[in-house]
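This briefing describes selected features of the structure shown below.

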Amino acid sequence: MTVFPPQLFAIFAFATCGGYSGQLRVSVDCMDKAESNLSIGINFAYPFRLHKVSFEAPMCEGRRRERVHLVGDFSSSAEFFVTIAVFSFLYSLMATVVYIFYQNKYRENNRGPLVDFIVTVVFSFMWLVSSSAWAKGLSDVKVATDPSEVVLLMSACKVHGNKCGSVYSPIWSGLNTSVVFGYLNFVLWAGNIWFVFKETGWHKGGAQRYPGSGSEKQSASFNQPPYNQPPYTQPAFNQPPYTQSPYTQSFNQTGGYITQGDLVQSSDYGQVGGPISYANQM
Ligand SMILES: *[C@@H]1O[C@H](CO)[C@@H](O)[C@H](O)[C@H]1NC(C)=O
């Protein structure tokens, strides 16, 4: 009841990216075997400030060692992605709570649907931008942590006669998943734009178009449970208790705003049953 697909997908996105840690392993085989180190492990993790990741490598000259740093800082795209995921998780959680428990306030002056619409548009745009930025960041991280690139950083490996190689490459499945979930979240939020848009009542003539389209209602309830559940369970205009409450008044204002014809609206509600008034709400 409390966790819907939008929240779940956001959690997957920031958990797979923010919780990542990887390792690679390289070998330095010096001409003088005694100085070799055939298993140099290098660990890195979110947020991928690789220039701060360092390791000790033999220099193949006596017993000397050098401290080598990886190259690049990919924290901005990784942190941007995780931030968007966390905020979109929090927002969709909050929107669910507001929609379920503060239905009246949500519809008051049409402000709830309006804010919801704008925020949804912004979040879907942000998901697209941050997923693309992170996809680019990830491909750069893959290059920067590729063992065959890392061996080029060690001075011993530039000397002819020493052999450097890759022992172990990082595992990328978790981070690849995070990018996929990022784009999936974009699709999810972009798809929601339409359903939130219907809530704003900006589309004219919705009342005539909706009564027949059952499939659309189904997809609506699948994509966006929080927004579509209450209309099913709350037939506000067909139950006597509601007609005397302030709820009716505020909705009538909204209704007038929607279709600029109170007469048409009220006759719709008066004569026909659930489906039409329900369609008007959508
Ligand atoms: C090889 O490098 C690792 C660091 O990754 C270090 O812990 C280990 O002691 C080194 N081995 C030798 C033989 O120097």
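**Helix packing**

H4 passes H6 in a left-handed crossing (the near helix is turned anticlockwise from the far one by less than a right angle). This is a predicted model, in which local features need pLDDT of at least 70 and side-chain atom pairs count only at pLDDT 80 or more, while totals for chains, interfaces and linings use all residues. Residues are numbered from 1 along each chain as its sequence is written, and side-chain values use heavy atoms, with hydrogens and water left out.

- The axes of H4 and helix H6 (residues 173–200) come within 8 Å and cross at roughly 165°.
- H4 is therefore roughly antiparallel to H6 (an angle over 145 degrees).
- The contact of H4 with H6 comprises 19 nonpolar, 10 polar and 3 charged residues.

**Phenylalanine 123**

- Phenylalanine 123 belongs to helix H4 (residues 111–144).
- Phenylalanine 123 has a relative accessible area of 11% and is buried (under 20%, with a 1.4 Å probe and protein chains only).
- Not counting residues up to four places away in sequence, phenylalanine 123 touches Ile84, Phe87, Ser88, Tyr91 and Trp189 (heavy atoms within 4.5 Å).
- A distance of 9.4 Å separates the C-alpha atoms of phenylalanine 123 and asparagine 185, which lie 62 residues apart along the chain.

**Sheet**

- An open sheet of 3 strands has the order S2-S1-S5, with antiparallel pairing (two strands pair if DSSP finds at least two bridges between them).
- Strand S2 (37–45) and strand S5 (163–168) are the edge strands, each pairing on one side only.
- Strand S1 (residues 21–29) is joined to S2 by 7 bridges.
- Glycine 22 has phenylalanine 44 in S2 as its bridge partner.

Terms used: Helices (H or I, at least four residues) and strands (E, at least two) are DSSP runs, numbered from the N terminus. Buried means under 20% relative accessible area, exposed over 50%, partly exposed in between (1.4 Å probe, protein chains only). Axes are lines fitted to C-alpha atoms, for helices over the stretch in contact, and angles run from 0 to 180 degrees between N-to-C directions. Angles under 35 degrees count as roughly parallel, over 145 as roughly antiparallel, 65 to 115 as roughly perpendicular and the rest as oblique. Ala, Val, Leu, Ile, Met, Phe, Trp, Tyr, Cys and Pro count as nonpolar, Asp, Glu, Lys and Arg as charged, and the others, Gly among them, as polar.
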